[in-house]
Amino acid sequence: MAIHYLIMFVTAVVMLFELRALMQSSSIDYYHPFTQAVVKLTEPLLGRLPIRNIHIKGFYYCGFIVAFIIAVVFFTVLVCLSSSIDIVLIALASIIMTVKSFGYLLIFLLLAQALTSWLPNTRYLSMTFAQITYPVVAPVQKLIPPIGMIDLSLMVVMIALFALNTFFGNILGALWYIC
């Protein structure tokens, strides 16, 4: 039972670094309290890396690299404690954990964006979540523009993310039981 809590904690840490990468990529307001909290939590590790400000076409990937390294370290320790070292299992489980946690993070952000957009007192939060998710939602919004006040692109992205997360969850579960 304790392993489930450990997995949840590591997934939350991985999500935090992925959120930092998303926030850097979307050029969100640096002085927003939410942004400041994420930066203060991730800066002790990311601040020491020389690649933290390197980007490809505006997408900062250092947070994803750190998230993947955290997943690799976690699964290496987990596999070493349970059986012999299997590098393929560690690599696949780390990749799947990083991708799944990113999917869950996006689902949470999109759901929070939709819920806060309905409440008049939380419009500023909705705009913050919209800025963070813009790099993911923008290509779908070009295909499905908003209809009046309703933005169907959020629902399309969320359904696609649910499907992908289920797919990767099934792969991770099958790998874990095979090895």
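Reader: At 1% relative accessibility, is Leu22 buried or exposed?
Author: This model is predicted, and residues are numbered from 1 along each chain as its sequence is written. Local features need pLDDT of at least 70 and side-chain atom pairs 80 or more, while totals for chains, interfaces and linings use all residues; side-chain values use heavy atoms, without hydrogens and water. Buried means under 20% relative accessible area, exposed over 50%, and partly exposed in between (1.4 Å probe, protein chains only). Leu22 has 1%, so Leu22 is buried.

Reader: In which helix is Leu22?
Author: Helices are DSSP runs (H or I, at least four residues), numbered from the N terminus; strands (E) need at least two. The place of Leu22 is in helix 1.

Reader: Which residues does Leu22 contact, leaving aside neighbours within four places in sequence?
Author: Contact means heavy atoms within 4.5 Å. By that rule, Leu22 touches Phe102, Leu105, Leu106, Leu109 and Ile132.

Reader: How many salt bridges does a search of the whole structure find?
Author: A salt bridge needs a side-chain nitrogen of Lys or Arg within 4 Å of a carboxyl oxygen of Asp or Glu. Side chains of opposite charge can pair when their charged atoms come close. The search of the whole structure finds one.

Reader: What is the N to O distance between Glu43 and Arg20?
Author: Their side chains meet in a salt bridge. Glu43 lies in helix 2 (residues 33–46) and Arg20 in helix 1 (residues 2–26), so the pair ties together parts 23 residues apart in sequence. Arg20 is buried at 8%, whereas Glu43 is partly exposed at 29%. The N to O distance is 3.0 Å.

Reader: At roughly what angle do the axes of helix 1 and helix 2 cross?
Author: Two packed helices are described by the angle between their axes and the distance between the axes. Axes are lines fitted to C-alpha atoms, for helices over the stretch in contact, and angles run from 0 to 180 degrees between N-to-C directions. Here the axes come within 10 Å and cross at roughly 115°.

Reader: How many residues in the contact of helix 1 with helix 2 are nonpolar, polar and charged?
Author: The contact includes Leu16 and Arg20 of helix 1 and Phe34 and Glu43 of helix 2. Ala, Val, Leu, Ile, Met, Phe, Trp, Tyr, Cys and Pro count as nonpolar, Asp, Glu, Lys and Arg as charged, and the others, Gly among them, as polar. By class, the contact of helix 1 with helix 2 has ten nonpolar, two polar and two charged residues.

Reader: How are helix 3 and helix 4 set to each other, parallel or oblique?
Author: Helix 3 (residues 62–82) and helix 4 (residues 87–118) pack at about 135°, with axes 8 Å apart. Angles under 35 degrees count as roughly parallel, over 145 as roughly antiparallel, 65 to 115 as roughly perpendicular, and the rest as oblique. Helix 3 and helix 4 are therefore oblique.

Reader: Which residues does Ser153 contact, leaving aside neighbours within four places in sequence?
Author: Ser153 sits in helix 6 (residues 152–178). Ser153 is buried, at 0% relative accessibility. Its contacts beyond those neighbours are Val137, Val140, Gln141 and Ile144.

Reader: What separates the C-alpha atoms of Leu161 and Thr35?
Author: Leu161 is found in helix 6 and is buried at 12%. Along the chain, Leu161 and Thr35 are 126 residues apart. Their C-alpha atoms are separated by 24 Å.
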